[in-house]
Amino acid sequence: MMYDKLKTCLSGIKEKTDFTPRVALVLGSGLGEFADGVRDAKMIGYDEIEGFPVSTVAGHKGRFVFGYVGETPVVIMQGRVHYYEGYPMSDVVLPIRLIGLLGAKQIILTNAAGGANPSFQPGDLMMITDHIATAVPSPLIGPNVDELGTRFPDMSEVYSRRMQEIVKNSAKVCKIDIQEGVYMQFSGPNYETPAEVRMARLLGADAVGMSTACEAVAARHMGMEVCGLSCITNLAAGLSKTKLDHKDVQWTAKRISGALNMLIPQILVNMEEKKEEAEVCGQS
């Protein structure tokens, strides 16, 4: 059933474009402007694809953008759907699986997150090294689709160490300070309580949010290489006297987006260089 829905969505996109992306990017709240600089862009709205879940969140344009960043063929999601919108988890990760079926081998997941680590400040960028997703259902619950991946996929390296090195090197080139840490996904839509944030810290989380981890699991299930970047838009509940507000999150994310807009193209450049090195090594 779920695979049939995926194939329907895939056919809907193929009717509109034959573009084959190599890298996918998912842009979180307030971060969608990066897609405006894509070369030879082809846009497809989520509402144009039969059976595709449509985002209802402010700040998410709700469309795919196909094109080139530098020399890299990419597909960009301007906005995602969330579990808290009422979709089943299989629909929440359907776009990720669709991206994999379109041909993407690597995926860069971005989000706006609350800083649970007291050393973080609003405006920081955090590279995700691992995640905790026990607060939401696994996207792999239910009958396994063998065409997508194995029944019991290994998750010892959800976020590619190779990609982490590329991110760190790219940040140095761009002269951007970047934090590293563990991301914890909660269900939302309410922000976490101070007690939940303390629990997250005890479990080892540095940032909290309402997306990304389930998408990373679905991507790894399909064999995609995953990179995760969190924009720390606010201190999590209990670490600041300021009440949390989605408009403030969007505003801070847009402020951080300038650094992200510099970093992502450099990441793609470094990925291309590593790809060429691998091809040379494979020929020798």
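**Exercise 1. The cavity**

Task: Find which residues line the largest cavity of this predicted model, and sort the lining by class.

Solution: 
- Step 1. List the lining. V81, H82, Y83, V92, Q185, M210, S211, T212, C214 and E215 line the largest cavity.
- Step 2. Sort by class. The lining has 5 nonpolar, 4 polar and 1 charged residues.
- Step 3. Count. With a threshold of 30 Å³ or more, the structure has 1 cavity.

**Exercise 2. The cysteines**

Solution: 
- Step 1. Recall the bond. A disulfide joins the sulfur atoms of two cysteines covalently.
- Step 2. Look at burial. Buried means under 20% relative accessible area. C9 is buried, because its value is 0%. C174 is buried as well, because its value is 14%.

**Exercise 3. Helix α4**

Task: Where do the buried residues of α4 fall around its axis?

Solution: 
- Step 1. Locate the helix. α4 covers residues 161–174, which is 14 residues. Its span is 20 Å, close to the 20 Å expected.
- Step 2. List the buried residues. They are M163, Q164, I166, V167, S170, A171 and C174.
- Step 3. Look down the axis. The buried residues of α4 fall within an arc of 160 degrees, so they line one face.
- Step 4. Turn to the other side. R161, K172 and V173 are exposed there.
- Step 5. Recall the geometry. An α-helix has 3.6 residues a turn, so residues three or four places apart point the same way.

Notes. Residues numbered from 1 in each chain as written. Predicted model: local features only at pLDDT ≥ 70, side-chain atom pairs only at ≥ 80, totals over all residues. Heavy atoms only, no water. 1 Å grid on protein atoms, 1.4 Å probe; cavity = no way out; pocket = protein on both sides within 12 Å on 5 of 7 lines; lining within 4 Å. Points joined across faces, edges and corners; volume = space filled by probe spheres on them. Nonpolar A, V, L, I, M, F, W, Y, C, P; charged D, E, K, R; others polar. Buried < 20%, exposed > 50% of the residue type's maximum accessible area, 1.4 Å probe, protein only. Helix = DSSP H or I, 4+ residues; strand = E, 2+ residues; numbered from the N terminus. Expected span 1.5 Å × (residues − 1). Arc of directions from axis to C-beta.
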